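Here are my notes on this one, jotted down while going through the model.

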Amino acid sequence: MTDVEVEEFGITEWDLENEFNPNRVRYKQSREDQIYGVWADHRNSDDDEDERPAFRGAPRGAAHANISFVSGGTAGSSNTEEKATENDTREEIEIRIPTKKVRSMAGPSGIFAGERSALGSTIGTWEKHTKGIGAKLLLKMGYQPGRGLGKELQGISAPVEATLRKGKGAIGAYGPEKPAHKIADTVTANVDELELKQKREAKQWRRGEKKVKYVYKSLEEVQKEGATFVDRQTGPKVKVIDMTGPEQRVLSGYHQLAQHRPDEESTTKGPQGNFSLPELEDNLDILIETCENDIKRNTSRIECEKNRITNLRFEQERLIQEQDEGQSVRDTLKKLHEALRELEDGCGSNAVRALSVGEVCMIFRRLVEEFEGEFNQFELFDLAPLVIFPLMKDFLSAWQPLERPNHGVEVFRQWKNILERSHRPRNAPDYFYNLMWEVWCPPVRQWIFRWSARNPDPLVNLLEIWKPIVPAGVMSHLLEQIILPRIQQEVEQWNPLLDTVPIHSWIHPWLPLMSDSLEPVYQPIRMKLSYALTNWHPSDSSAKLILEPWVGVMPKGSLEAFIATNIIPKLGAVLQSFVIDPRNQEFEPWQWFTAWGDIAPVAALIAVLDKYFFPQFHQVLFQWLQTSSNYDEMATWFSGWKAAFPDRVLSDNRVREQFRLALDLMNRAVSGQPIQAIRPPEFYPQPPSVQQQARDRFAAPIPTGHNLNFTFKEMLERRAQEKGVLFMPIASRKQDGKQVYQLGTDRQLYLDRSVIFVFNGRTWVPTSMESLLDSC
């Protein structure tokens, strides 16, 4: 068999015999096996029967040899130590008192102490407190104590040390950065006496009872052997002068008194020289420490008392300040109580002396200005309904608003300045609003019910005077809920054919107060005027007198649509029967037409001219040029007709083009060129043409230069008027902040970004204009 042994893993007879044997000996791994595996050392194990049966045939020494990663390594370096251990079986164990027994760190093999001490006395000293796994692994892998690391032992032989620097300055600021000392490179091969004793103590349990020998040592010896240092407690740093020796010493504290002088041991003392009294020194140290503790305790007590005095001083100042504030609050509350007592004595049914409205107003003003904080803190504004409201009701009991509109204006203005707070809490009531609603509004409302809508001046004057004082909510209530229904009721009774008073005379005064709110009134007015113009003739100028004041009041699109529907067709009929005669011209029909040039839509007027005037004008001019050569008279006639056109109509490009054609015809005749009759346009809208043009303008998505710009609401209103369907806003009815309109008799709708939303009984649904108008 060769030196290299091979482990056989085949199945043997022993495996077959013990496979189903529940009582067979099972192998249990030791600590060495768990750490080193197959390289574990079993030389010191006495439990041979616990070994695995498969390894019984292998030699014990070769299986447990150390593994070396350096060529030429040898094993079995610990035989000498084992022999020395066996020869000292009878050696006595030393127990050091009073030091604590050092726990043995040797493994089961018993060679840990020798291996660890072989690394040196200073290298790896921390492994005294561990199992020594680091030193074992290094030795097993070929490391030689005292040599360097690495395969060729060329590395460093001493560990890298950390250097404690003096401060946080730059590198080199405190001198060289190298450590002050180096670990000694010399490594002794002998086993340290302490480690040998620990090793022997660890193996004594296998050699029976040993005789215990007690050795007593001094504290210095124990500290020297244990390499420990006991630092005595240092006291406070104070200057101490020591006069007990041959020379005077200046020390930094009492703790240095017990230290020996540097030259004390080297100085030879005679029989009469200095002597040492350790008991006396110890007593003096105790006394000094006690005095120092008393001084520290007294110092701490003094600091506590100083802090307590400071706190008491601050507390005294705080209490004095609180006392002053309390006195100030008491004086303020006393004055407030006197003012409230005066107010109580002068108001109510049990008043000693009834106060006037001006005196109560002055008292409240003084309360608000002088006691603003207390007024808000104690909610004294709640006195307003109890004191002010009854007093002001008596003040306005005999007031006639339409006859004396200025009565009480200054009084209510003062109450507004007093009761309106700039920083009123969210849930706090607005007492001035309640004052105007409960006190001022009822008498005004009663007089409005007796007021005639055709006489607006007294009521308009009253509301304009009180508008800066009356809250917006109260004013809106009067205008929209009371005055507007009265105006609508009067408009329903108005008959444009019988009433001699123009309707604008009692509607327009409300424009400064109700400009947008009057829109529901305009639709009935237009419908009544449309009915009145059924049999109207352009020779009657009353229609223009009625419509002209509404220019700029009614929406522009609505008014122009009304004129295009009710006025323009009749003007077209006048021009259709109008005869152009250069010799005996009658201008009265033409004046009827041009009278509407300032308010009628230009596009509708031009459409009528293109249809009825310019074809006849060109025909008359052509015949005149063929029968006569009096061009001066023709020029005068041409200039006269051009000057007869309104400026708004004459500035249009289409009208200017018609006159240019006539002028070209005259120029050709003057120059002797042949002339031809100007042909009229092949297509003209059928009567009523202006209505169709109005519909076309509304249907066009992008208005041209000749069309008018209408809003979507005006477009819908005009289309509804063409179909004879009622379209009017509903007063005080809004949906999502948009005005709700009534279309026909039962349709309600509102407009949002050119989209029509119709109420179907449950919700609002979008719909188109054509389908909506067809359904009506």
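1. A term to settle before we start: contact here means heavy atoms within 4.5 Å. With that in hand, take W510: leaving aside neighbours within four places in sequence, W510 is in contact with W451, P456, L459, V460, L463, L479, I483, I487, S515 and L518. Keep in mind that this is a predicted model.

2. W510 also turns up in the largest nonpolar core, which has 116 residues. Along with W415 and W440, W510 is among those with the most contacts inside that core. Helix α24 (residues 602–627) supplies the largest share of this core, 15 residues. Another core lies apart from it, with 14 residues, including A720, Y741, I756 and L772.

3. How do the two helices sit relative to each other? The axes of α13 (residues 409–419) and α14 (residues 431–449) come within 9 Å and cross at roughly 150°. Angles over 145 degrees count as roughly antiparallel, so α13 and α14 are roughly antiparallel to each other.

4. For the overall picture, the protein has 30 helices and nine strands. Of its 776 residues, 32% count as buried. The accessible surface comes to about 49,900 Å², and 52% of that belongs to carbon and sulfur atoms. Among contacts with a separation of 6 or more, 63% are between residues 24 or more positions apart.

Note on methods:
Residues are numbered from 1 along each chain as its sequence is written. This is a predicted model: local features need pLDDT of at least 70, side-chain atom pairs count only at pLDDT 80 or more; totals for chains, interfaces and linings use all residues. Side-chain values use heavy atoms; hydrogens and water are left out. Helices (H or I, at least four residues) and strands (E, at least two) are DSSP runs, numbered from the N terminus. Buried means under 20% relative accessible area, exposed over 50%, partly exposed in between (1.4 Å probe, protein chains only). Accessible areas come from the Shrake-Rupley method with a 1.4 Å probe; for residues, only the protein chains shown count as cover. A nonpolar core is a set of buried Ala, Val, Leu, Ile, Met, Phe, Trp, Tyr and Cys residues joined through side-chain atoms within 4.5 Å. Axes are lines fitted to C-alpha atoms, for helices over the stretch in contact, and angles run from 0 to 180 degrees between N-to-C directions. Angles under 35 degrees count as roughly parallel, over 145 as roughly antiparallel, 65 to 115 as roughly perpendicular and the rest as oblique.
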